[in-house]
Amino acid sequence: DGTGTVEEAYFRARYRYRDDLVAVSDHESFLGKRTPPGEWAEACRVADEFDEPGKFTVLKAFEWTGRMHPGPGHKTVYLPHEGGPVLSREDETTKTARGLISECRKLGAMAFPHHVGWTGANMEDHDTRVQCCWEIVSCHGAYERPGASPIGTRGDDKEGQFITHALDRGLRFGLVGGSDGHGLNWHHGLCRVQDSHRSGVTAVFANQVSAEGVLEALRRRRCYATSGAKIGLWFEIDGRPMGEELIIGASVQFRVVAAGTNTIKSLVLVTNGGEEINLEISGKDTNIKGNLPPPPAGGWCYYFVRMVQTDGEVAWSSPIWMDSPDSA
C-alpha cells in the first residue's frame, strides 16, 4: 500500500542510500485489502532477483496488522531466507498475536513489534525466540519513553506501551528502526522528517552481507537503531556485546564507541526505571570506558546507550542485561 514499485524501493536503498540491506514489508491486510498469493509470490520473486549475497541483502517481510491497543498492535514479520507464506490476521490460525507467534516459531520466522507506543506493545504474548527485537523509531516518532526529545511521538500515546515500560517489566529484546513512510512525506498526519525513506534504520553486526547473516544477527540482538543517519555505535559490558545477558556478581567495565555523522550533543546509559548515566562527549567520535555496579542481590538490570547529535539524529544500542548470580 505504499507509493511506487517494490523495484524502486530496492534501487533506492542500494544505489541512492548505499544500504547493505533492506526489507519491504507491506501490510498483509489493510483497508479492506488482503495480500493475495499471486501478489506475494511476485514480491518474493523480485526480492530474490535483487538479493546479491556479499553485496546487497533483501529480507522477505510483511506487516501483520493487529488491532490497536488494547489489541496486540502491529508486527513486522521477517521470514527465513527461503521464504514462506503470508500470515494474515484474516486466517483462523493467525488472527491473534499468540497464533501468529506460534506459527512464526514453526516457520523459523521473527515478528518485531512496530510503533509500539501508538498501536500497542503486546507485552503479554512476548516470546524472546520470535520477538527478538522491537522497533524504537520510525516516521511515527521514537517510542523509547513518554515525553522523549528531540524526537517525539504522534501524540496519541498508549499508556504503559513504550520500550522502557517493557524493559522494566523484564522483557528482553534488541532494538531496531524502520521508516514506515509508505513513500509519503506526510503519512498518517505525521511528517517527522522530509525524507520518508530515512526516518529509521537498523544496523547489524553480521559475519556476512547475506540474508542468513543478517537474520542471525537480529536473532542474537546484535543490532542497533538510528533515526535515519548512519551513526556508528558499539556497546559492550565485560567484553560482551549489545544483546547479551550476563551473570554478574561484582562491578564490571563497560565500553561505548561512537562515530557520529555530526557533533554529539549527549551520550547516556539508560537503565532500570529510566535512570540515566551521562557520559563525557567530545566532537563527533568517542571511545569511553567506565565501571558499573553489579545488579542488586537476587535481581537484574539492563543498560542501553542513547546518543543524540546536534542535528537531532539519535542512535540507540540494543540493551545488555546483568543478572545476579543468585537470581531465580
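Which residue takes a positive phi in the hairpin of strand 16 and strand 17? It's Gly-273, with a phi near 75°, in a hairpin that has 4 residues between its strands. Keep in mind that you're looking at a predicted model.

**Strand 16 and its partners**
- On the pairing side, strand 16 runs antiparallel to strand 19 (residues 300-309), with 7 bridges joining them.
- Strand 16 also pairs with strand 17 (residues 276-278), again in the antiparallel sense, over 3 bridges.

**A look at Val-270**
- Val-270 belongs to strand 16, and its relative accessible area is 1%, so it counts as buried.
- This residue has a bridge partner in strand 19, Phe-304, and another in strand 17, Glu-276.
- Leaving aside neighbours within four places in sequence, Val-270 is in contact with several residues, including Glu-144, Tyr-302 and Arg-306.
- Arg-145 is 125 residues away along the chain, yet its C-alpha atom and that of Val-270 are separated by 11 Å.

- Strand 7 (residues 133-138) and strand 8 run antiparallel and are joined by 2 bridges.
- Within that pairing, Val-137 has Ala-142 of strand 8 as its bridge partner.

**Rings that pair up**
- The structure has 11 aromatic pairs.
- Take Trp-134 and Phe-173: their ring centres are 4.2 Å apart and their planes are at 10°, so this pair is stacked.
- Trp-134 sits in strand 7 and Phe-173 in the loop between helix 5 (163-168) and strand 9, so the pair ties together parts 39 residues apart in sequence.
- Trp-134 is buried at 0% relative accessibility, and Phe-173 is buried at 0% too.
- Phe-205 and Tyr-224 make a tilted pair, 5.9 Å centre to centre with 40° between the planes.
- At 34% relative accessibility Phe-205 is partly exposed, while Tyr-224 is buried at 7%.
- One aromatic cluster is made up of Tyr-10, Phe-11, Tyr-15 and Phe-50.

**Charges over rings**
- Arg-154 has its charged end over the ring of Trp-118, 3.8 Å from the ring's centre.
- Arg-198 has its charged end over the ring of Tyr-17, 4.1 Å from the centre.

Technical notes
Residues numbered from 1 in each chain as written. Predicted model: local features only at pLDDT ≥ 70, side-chain atom pairs only at ≥ 80, totals over all residues. Heavy atoms only, no water. Pairing = 2+ DSSP bridges. Buried < 20%, exposed > 50% of the residue type's maximum accessible area, 1.4 Å probe, protein only. Contact = heavy atoms within 4.5 Å. Phe/Tyr/Trp six-rings, centres within 6.5 Å; stacked < 30°, edge-to-face > 60°. Lys NZ or Arg CZ within 6 Å of the ring centre and 35° of its normal.
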